[in-house]
Amino acid sequence: MAADLHQLALQAAKKSYSPYSKFPVGAVIKTTDGRIYSGCNIENAAYPEGWCAETSAISHMIMDGGGEIAEVAVLGLKADLCTPCGGCRQRLAEFGSEQTKIHLCDQEKITDTITLGELLPKSFKL
Ligand code: THU
């Protein structure tokens with residue numbers, strides 16, 4: 001259920017290591033076969049050489065055997081709206097489709113659901 005993805009994104013954001021930006025983000029992926037993977041952003045002293053919450057979640061999915069992304073929830077702990085950055089849109093497109101649902105969250109709930117096709121139209125493909 002989409003509301004569960006919100007709760008998991010909130011928990012993931014609370015695990016963020018983001019002392020440089022002070023912008024904790026959590027992301028949760030649900031695969032087309034129902035598996036769920038969480039991730040948070042992880043920074044380091046060479047900021048901005050950290051990586052995003054979506055990227056962490058994709059890494060967990062790949063290490064668990066891969067899959068196709070059906071839904072994603074993204075939550076910035078200190079923002080009412082946190083959309084996936086440009087690089088993460090491309091990473092999500094690699095393992096999703098134009099129909100992949102992106103749930104945009106605030107601390108309380110999913111505030112909007114859009115598709116990856118809307119977020120990244122005419123995406124680059126090899
Ligand atoms: N960030 C994410 O984790 N996901 C996004 O889609 C947007 C940006 C992180 C990266 C960095 O650690 C912090 O937010 C500020 O840019």
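## Stop one: the first helix

Select helix H1 together with strand S1 (25-31), strand S2 (36-40), strand S3 (69-76), strand S4 (101-105) and strand S5 (110-115): these strands are among the elements that cover the buried residues of H1. Helices (H or I, at least four residues) and strands (E, at least two) are DSSP runs, numbered from the N terminus. You are looking at a predicted model, where local features need pLDDT of at least 70 and side-chain atom pairs count only at pLDDT 80 or more, while totals for chains, interfaces and linings use all residues. Residues are numbered from 1 along each chain as its sequence is written, and side-chain values use heavy atoms, with hydrogens and water left out.

Now select residues 2-14 alone. H1 has 13 residues and reaches 19 Å from its first C-alpha to its last, close to the 18 Å expected at 1.5 Å a residue (the expected span is 1.5 Å times one less than the number of residues).

Which residues of H1 are buried? Colour Leu-5, His-6, Ala-9, Leu-10, Ala-12 and Ala-13. Buried means under 20% relative accessible area, exposed over 50%, and partly exposed in between (1.4 Å probe, protein chains only).

## Stop two: a tyrosine in a loop

Next, pick Tyr-20, in the loop between H1 and S1. Tyr-20 is partly exposed, with a relative accessible area of 40%.

## Stop three: inside a strand

Move on to Val-72 in strand S3. Val-72 is buried, with a relative accessible area of 1%. Leaving aside neighbours within four places in sequence, Val-72 is in contact (heavy atoms within 4.5 Å) with Val-28, Leu-92, Thr-100, Lys-101, Ile-102 and His-103. Try the distance tool too: Val-72 and Leu-8 are 64 residues apart in sequence and 11 Å apart in space, C-alpha to C-alpha.

Finally, select helix H2 (residues 53-63), where you will find Ser-56. Ser-56 is buried, with a relative accessible area of 7%. Beyond its neighbours within four places in sequence, Ser-56 is in contact with Ser-38, Gly-39, Cys-40, Ile-42 and Trp-51. The buried residues of H2 pack against S1, S2, S3 and helix H3 (86-95). Just after H2, click on Gly-65, which takes a positive phi of about 115 degrees.
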